[in-house]
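Open the model in a viewer and follow the stops below in order. Each stop says what to select and what is there.

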Amino acid sequence: MMGLAARLKERAIHALLFLCAIISIATTLGIVWVLIEESVKFFAKVSPIEFFTGTKWAPLSSEAPSFGVLPLVCGTFLIAGGALIVAIPIGLAAAIYISEYAPPSVRRVLKPTLEVLAGIPTVVYGYFALTFVTPYILRPLYGQTEIFNAASAAIVVGVMIIPTISSLCDDAFRAVPRSLREGAYAMAATRLEVSTRVVVPAAMSGVVAAILLALARAIGETMAVALAAGMTPKLTVNPFVSVQTMTGYIVQVSLGDTPADTIGYQTIFAVAFALFLITMTINVIAQRVLKRFREVYE
Amino acid sequence: MVNVAEDQPTAPVEAPRMPLLRMPIPRPPSKLPMPSSECVIRAEDLSIYYGSFPAVREVTLEISSHRVTAIIGPSGCGKSTLLRSMNRMNDFVASAAARGKLLYRGRDIYAPGFDAVDLRRRIGMVFQKPNPFPKSIYKNVAWGAAINGYQGNLEELVERALQQAALWDEVKDKLDKSAYELSGGQQQRLCIARAIALQPDVLLMDEPCSALDPIATARIEDLIDKLKTQYTVVLVTHNMQQAARVSDRTAFMYMGELVEVNDTTVMFTRPGNKRTQDYITGRFG
Amino acid sequence: MNGASAISASDFVPRIAHRRRFGRVFEWTCTVLSFVGIAFLAVLILRVLWEGLTWVTPKFLMNFPSVLSPEDAGIKSALWGTLWLMAITTLVAVPVGVAGAVYLEEYAPHNRLSRFIHFNITNLAGVPSIVYGILGLAVFVRWWRLDRSVLSGGLILTLLVLPVIIIASREALLAVPKSMREAAYALGATRWQTVRTHVLPVALPGIMTGIILAVSRAIGEAAPLITIGALTYVAFVPSSPLDPFTALPIQIYDWSDRPQAEFHHLAAAGIIVLLGILLPLNAVAVVVRAWQQSKKAW
């Protein structure tokens, strides 16, 4: 029989653990509250239409400040898109190789090694982009490449998200039941045909979820793009010039001396809010797709 | 009124007695004309090892064309392994190794350099649990044929295969629906249809009815009877009644060894080996 | 069915050799692509070592950064800042994260609130780190008046890695078989006793792996710290949690951004030190995970 003291102790522990669990909710509420509160102040002074459709971003300029966020969004998606161009073929190929072709000994080494790519801090990638990729890989290809350019950022962010794609796709391929592969082999199919025409299509929603999660990560990436891509917002698709991303802008302002409660300062919150909405939407969609995939195969 | 109960002693109620010596009844000989037969597959002292464990031990067995050969035996006796060795599906188990010979139309399929992929076009397989692709019904049947370069009209092929599998009437209006919308029995017939769409020589069936209800099972057994006019069928089953009903020849395996092989009518009425008789009469399962 | 068939096996032209050749090309392509990521990693590490190894001297570790004479610059302040951040983050995030995971796995009823908390945590894991910086700016720096102190930084990093710890700990707790808990309950143990004495010890390796990965992530982050105003030029070591600070990733960023070649060497040296902390940490995590896998034979 539990005495009163023991029962109170159990209750207290229960309550304490519960509090720890809901800190996560407090965090989300905090993020949403802070972003909305400051953004409201911002949108009181700047019209949302100008913000979301304007094509010039120069909020800190004293003569003619303009608040069109599209150049930042363009820079963000230019780099994220380029990163996906790098990461999807490599990540998918690695996942197919690891799950369908590689002998177990190779798989045991290759998979964790790819994970290391995800563990390297992003500043290191930024350093590498600036001091190696641009001068030794991009410049020889295209002489007019600027020192800060979107391509080098896209390349290193792409490498950074390879493990996201390869790991999740590998999990998705392994979830496809063996009986499906056997049925395909019994139809006189080669390994190529079984992996690309049966396994990958069967795991497609898992692959889509992996790509979406990788996209969200690329969009949220900060230090590597701040170092590699530069600080000049431009509405362009030219990967060889410098651009600025939403995250890069926030870093730029934070490094500077913009005083609090000025319009320039509040732009951080508006941009962060836009960033938050974009990544949250992509992540929620990805989780939904992943959930549906798991329901089919587990 | 005379009390009936007092006048006539009632017989004591007995528990129903398990018929110890009841043999499965082989069906009467088929009314369809039996095509002439030759040896299609011949295993010669074939052994299959998983690592160092011999799942199949020095089996010598002939499979005749246009006949249904059933392989029966208790769980773990190696009948599935033997079946899978016939189209080299064991290749996908890393530790599997074969010794001895398995001749398909005179050629040893385990000889080095033999093309296993082409073999599987001629020796098709239907599995225990229906495993259709997550594609439409049409694509399921057409997939193998398309991959293997079928030269004729694919739609006609799909229709003919579904008809031969006794599934056409049920699906002809919904060919583009997902195969997963079919019932278990229909899915298994779909798997049979896609296998025969490749016009194989031999059809290997690994306990095809064990996941199905009795009605679906009966339909598939009917189908097997009809299929043998065109194909050779090798059927693994743990259901002896099924083997007796459906097959022409039966092979009994125990612990990896081929104990006895004979015409089905002989096997189930006058089995030669005591172990066979014990298994057939249910002394052990 | 009649015996004759209008279709014969010779209607097939399987072109097996051609398909096999194509399959070999595909396999080769997948293998090469898989190793591209690894090659990138190798080049990166070699480049960093080449540029920075000779600059990692005891002087480097013990000097403060200097803009005027890069040859005398050191990372003492950044290194100590990072160590302080590690300590604060670990001290706060580990208990809260593990407690939250214990609540969600062992105590929470399967209701909408629990599902919402889980959904919330997976979303938080995908929020860009810079948004956490913005949150910390408003909550820790302004509201709690902690200013740009190392405590603020540590708390922000705590919030950042909390989802990682919770998710990893939950998986570890989930892997403990139900029978263990049932055996303890059957003997009259309370929920907390069961968790403390039976479940947590078994889940410990998995939880530790999660903690190590979380701390590794926290050490590599610069964006949220820059947002709260961590300085890039700091010539002192924090002596209390309320002191201003800098951190290794920030210093590396600052040095990488400068055009002079000496600073790139300094950046490389800083990266070596940072990786020198991260690699042993991750090696421990890998060893723990491998040891746990080998013990799994029960």
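Two residues are in contact if their C-beta atoms, placed from the backbone, lie within 7 Å. This is a predicted model, in which local features need pLDDT of at least 70 and side-chain atom pairs count only at pLDDT 80 or more, while totals for chains, interfaces and linings use all residues. Residues are numbered from 1 along each chain as its sequence is written, and chains are lettered from A and ligands numbered from 1 in the order in which they are written.

**Chains A and C**

Select chains A and C: their contact takes 69 residues from chain A and 67 residues from chain C. On the side of chain C, helix H1 (residues 16-52) gives the most, with 18 residues. Helices (H or I, at least four residues) are DSSP runs, numbered from the N terminus. That side of chain C has 42 nonpolar, 19 polar and six charged residues. Here Ala, Val, Leu, Ile, Met, Phe, Trp, Tyr, Cys and Pro count as nonpolar, Asp, Glu, Lys and Arg as charged, and the others, Gly among them, as polar.

**Two helices**

Next select helix H1 (residues 4-45) of chain A and helix H4 (residues 112-125) of chain C. Their axes (lines fitted to C-alpha atoms over the stretch in contact) come within 9 Å and cross at roughly 60°. The contact residues include A:Ile22 and A:Ile25 of H1(A), and C:Ile121 and C:Leu124 of H4(C). By class, this contact has six nonpolar, four polar and no charged residues.

**Within chain A**

Last, select residues 4-45 and 66-297 of chain A, which are domain 1 and domain 2 in the domain assignment; such bounds come from an automatic or database assignment. Their C-alpha centres lie 31 Å apart.

Notes: Axes are lines fitted to C-alpha atoms, for helices over the stretch in contact, and angles run from 0 to 180 degrees between N-to-C directions.
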